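Biologist: I would like to go through the labels used for this model and hear what stands behind each one.

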Amino acid sequence: VVIPGRNEAAGIVQTVRSILYAGYSELEVVYVDDGSEDDSVSRLRGFAATLPRAPDGTERLRVFASPRRNGKPTALNIGIHLARGSLIALVDADCDVQYGSFHHWIRPFEDERVGAVAANIRVRNANASLLARLQDCEYAINVTLSRAWRAALDLLAIVPGAGGMFRASIIRKLGGFDTGLGDDTDMTLKLRKAGWKLAFAMRAVVWTDVPTRWRVLLRQRSRWERNMVKIRLRKH
């Protein structure tokens, strides 16, 4: 599991704990810190020191601290390079993975045609405000149900960066994430162009925080739409 992050001291230990104690033992977590100015790295390294090693003697949590800010795509590529598993899950630093999710998340890879599997992204902070509650409804209808029927028809439009799992060999062969103009939409389109099938695991639940103020929400959605236009129309 690769987690990129910057200035995530408030919640990064909780995120990593939710992954390590999600009921699946054969995994490691690689956290790539993108030049944080807080104590994210020291907190995680302190937490790592309390963890027992895996049965083969390897560390279950590795922390890579970049001395300068390089951007999320570069942080992801560093994590992809460091990861040792045959499957690589990408999770945002402000998320929790629900117990039992990894078993459901991995199962679609039994089909050798599947190159990536999208998790079911749900809202963690729905009770924070009315705006967050409305987004909880939006995610349930426009994200969960939409991805379920799209995946059934092999029309899945995006494997989200907040909760996407990939075959390690494929994501490396595709060159990782483009540091110029690349995000989860870009990677999804590259996978589809390469002929890989994309799946959706409804019972693999990743809980994420959403904006609680209109101004922050508008900035987020404007960024999403801007990147969508650039990647779909200009790049691909």
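Modeller: Two strands pair if DSSP finds at least two bridges between them; strands (E, at least two residues) and helices (H or I, at least four) are DSSP runs, numbered from the N terminus. This is a predicted model, where local features need pLDDT of at least 70 and side-chain atom pairs count only at pLDDT 80 or more, while totals for chains, interfaces and linings use all residues. Residues are numbered from 1 along each chain as its sequence is written, and side-chain values use heavy atoms, with hydrogens and water left out.

Biologist: What makes strand S4 (residues 87-91) and S7 a pair?

Modeller: Five bridges join S4 to S7, and the two run antiparallel. Pairing takes at least two bridges, so they qualify. Ala89 has Met165 in S7 as its bridge partner.

Biologist: How do you know that strand S6 (residues 114-123) pairs with S7?

Modeller: Three bridges link S6 and S7, in the antiparallel sense. Ala118 stands opposite Gly164 in S7.

Biologist: Why is Ala54 called buried?

Modeller: Buried means under 20% relative accessible area, exposed over 50%, partly exposed in between (1.4 Å probe, protein chains only). Ala54 has 18%, so it counts as buried. Ala54 lies in the loop between helix H2 (40-49) and strand S3 (61-66).

Biologist: What makes strand S7 (residues 163-167) mostly covered?

Modeller: Five of its five residues are buried. Gly163, Met165 and Arg167 are on one side, Gly164 and Phe166 on the other.
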